[in-house]
Amino acid sequence: MSRLGRFVVRRRRTVILLWVALLLVTATVGSSAFDVLSTDFGAGTTTESGRVAHQLDELAETGGQIAIIADGVDLDDPAVRTSITRGLGPIAELDGVLDVADPWTTGSESLRATDGRAALVVVTLAGDLDEEVELDLADHVEDLAHELDAPEVLVGGNVLVSETFATASESDLLRGEAIALPIAIVVMVLLLGGLVAAGMPLLVALGGVLTTLAVLVGATTFGDVSIFSVNVVNMLGIGLGIDYGLLMVNRFREERGHGRSLEDAVAATVGSAGTTVVFSALTVAVAMSGLFVFGVPLLTSFGIAGLSVVLLSMAAAITLLPATPASVGGRIKPLAPAPDVDGRFYRLARWVQGRAVLVGAAAALFLVLLGVPFLDARFENGDARTLPRSSEVRATALTLADRFPALGTDPVTVIADVDATDPGFETWLARTSELDGVAGVSTRPGTPAGLRVVDVVPTGTSQGEAATAIVDRLRAEQLSFDVQVGGPAAELADVKDRLGARLPYAAGMVVLATLVLLFLMTGSLIVPIKAVFMNILSLGASFGALVWIFQEGHLSGPLAFDSVGALDLWMPVLILIFAF
């Protein structure tokens, strides 16, 4: 590592020019990330529910649906009927719109709110539209819908949910960076004694983030990559970039404070702090690799993002960053050698060492108590309810669930390999309709011969206890024909099973890598074991805080969210991997 540092000093202009060229190229490629990455966040075809969803997409002649709610109207007023149906005419005439169903022309009671004060209009799109055309059409439908003559108009539906998640993710990411980066810059200026030194950790972050975005875009040639992996890139890239940069720059200032020349200071920095960075990056990289164990597209996307940004941030920290102080090191203020006894942290450490058992036991007990709420954790897949309060798509979903119960709950969908005339199918259908928790059963028309698609609508929510019980019951039945069960409740069960089965392997991989790499770095057995033990305690406390805040709804006011009574199913896995 010291030889690498001396090489970088001697070739500093070449190293900097190569990085500038690389960043220009990757910034150009990575700028298309939000256009080419996938907005899907399910388990893909690796599970039964994922295969059902894929098969339904293949079978469907129709595409997604848009829900329009005209609220605050008298459904029995002929003037209201005339006004709204006239306003729906331009929507029905749009290319790509197959059907516009309203409560008056269809006579369907399910399109009338339970309080009689709102009408639901379901707009069905063609199934042969590509994603970009479908979203453009949905935006056009939304604009026309808001022109309807009603006191309030809400527009949502499955076409808009994924796009709204992606848009919220992008805007929240930018807002988060706009808040965090200025704070980080001020702190680094204070810690490192100047703007030049403070800018160097940001160089590492920039190098890691821009190059990784290009990697994600390139990875789309081999399959779908989730758009939410961009959040991982920014979170880890900025966090690790600043972390690694602070280690390197602070050590460089220390070496200069001891009177070393620029070249010697850079070599010593790379040989010491650079070695720490490499071991840290390798540990995190192995942890990121644990995400590949699950075989789930979303987690695989996060694994690609995490692995790439860690290794590329490491490369920037031990090449680009040392080359920079070698060029402008004279403008970085050296750090005066620290005295043997140094203030409050020294005194705190001595006080703790004098009461090691008592302090350690108290801290461990405190963290265990913080983790207790996690014992009551409930999990669901994210849906429109978890969107921001300001989201119209979220408001539409909540209104559907509250006032249009027949259409507000997603069904458990069954694909049966059986002929429609099979008496066993009719018997099963009748028996299914009488199950506890079933609000209704219907078969979809237009399916190929030898195949039936059945929608079983549960009482309660789409992923509630009734829905999951129906999934378990349907899958446990022994039938004379094959069935596959899908829908949100089935996906929740499948992902839980997949994560539960493979989490021990991923956790074991992460813990073993941590033990081995820290042993190789420190030569100690105690330090790695202590690190793993402390991580388990702190992660347990974090999980408890997740339940207390986000599932139980504490602090929902200051944090501006409404609890859905459950945690997102992916969160514990991601926190385990990233935080560890």
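Figure 1. Leaving aside residues up to four places away in sequence, R51 touches G44, T45, T46 and Q484, where contact means heavy atoms within 4.5 Å. The model shown in this and the following views is predicted, so that local features need pLDDT of at least 70 and side-chain atom pairs count only at pLDDT 80 or more, whereas totals for chains, interfaces and linings use all residues. Residues are numbered from 1 along each chain as its sequence is written, and side-chain values use heavy atoms, with hydrogens and water left out. R51 lies in helix α4, which covers residues 48-59; helices (H or I, at least four residues) and strands (E, at least two) are DSSP runs, numbered from the N terminus. With a relative accessibility of 39%, R51 counts as partly exposed, a class that lies between buried, under 20% relative accessible area, and exposed, over 50%, for a 1.4 Å probe and protein chains only. R51 and P448 are 397 residues apart along the chain, and their C-alpha atoms are separated by 17 Å.

**Figure 2. The protein chain as a setting for the close-up views.** The protein chain contains 22 helices and 10 strands, and its C-alpha atoms fill a box of roughly 90 × 50 × 45 Å, taken along the principal axes. Of its 580 residues, 43% count as buried. Among the contacts between residues at least 6 apart in sequence, 77% join residues at least 24 apart.

**Figure 3. Helix α7 and its residue L135.** Helix α7 runs over residues 131-145, and its 15 residues should span 21 Å at 1.5 Å a residue, which agrees with the 21 Å between its end C-alpha atoms; the expected span is 1.5 Å times one less than the number of residues. The buried residues of α7 are E134, L135, L137, A138, V141, E142, L144 and A145. When residues up to four places away in sequence are not counted, L135 touches V159 and E163. The C-alpha atoms of L135 and E163, which are 28 residues apart along the chain, are separated by 7.9 Å.

**Figure 4. The crossing of helices α8 and α9.** Two packed helices are described by the angle between their axes and the distance between the axes. Here the axes of α8 (residues 158-192) and α9 (residues 195-219) come within 8 Å and cross at roughly 130°; axes are lines fitted to C-alpha atoms, for helices over the stretch in contact, and angles run from 0 to 180 degrees between N-to-C directions. The two helices are therefore oblique to each other, since angles under 35 degrees count as roughly parallel, over 145 as roughly antiparallel, 65 to 115 as roughly perpendicular and the rest as oblique. On the side of α8 the contact is made by L181, I185, M188, V189 and L192, and on the side of α9 by L195, A197, A198, P201 and L202. By class, this contact has 10 nonpolar, no polar and no charged residues, where Ala, Val, Leu, Ile, Met, Phe, Trp, Tyr, Cys and Pro count as nonpolar, Asp, Glu, Lys and Arg as charged, and the others, Gly among them, as polar.

**Figure 5. The packing of helices α19 and α22.** The axes of α19 and α22 are 11 Å apart, and the helices pack at an angle of about 5°. They are therefore roughly parallel to each other. The contact is made by L499, L503, A507 and V510 of α19 together with V573, L576 and I577 of α22. By class, the contact of α19 with α22 has seven nonpolar, no polar and no charged residues.

Figure 6. Helix α20 (residues 526-551) has 26 residues and reaches 37 Å from its first C-alpha to its last, close to the 38 Å expected at 1.5 Å a residue. Its buried residues, including P528, V532, L537 and F543, pack against α14 (356-371), α19 (488-522), α21 (556-559), β10 (567-568) and α22 (571-579). After α20 comes G553, whose phi is positive, near 90°. L555, in the loop between α20 and α21, is not a glycine, although its phi is also positive, at about 70°. L555 is partly exposed, with a relative accessible area of 41%.
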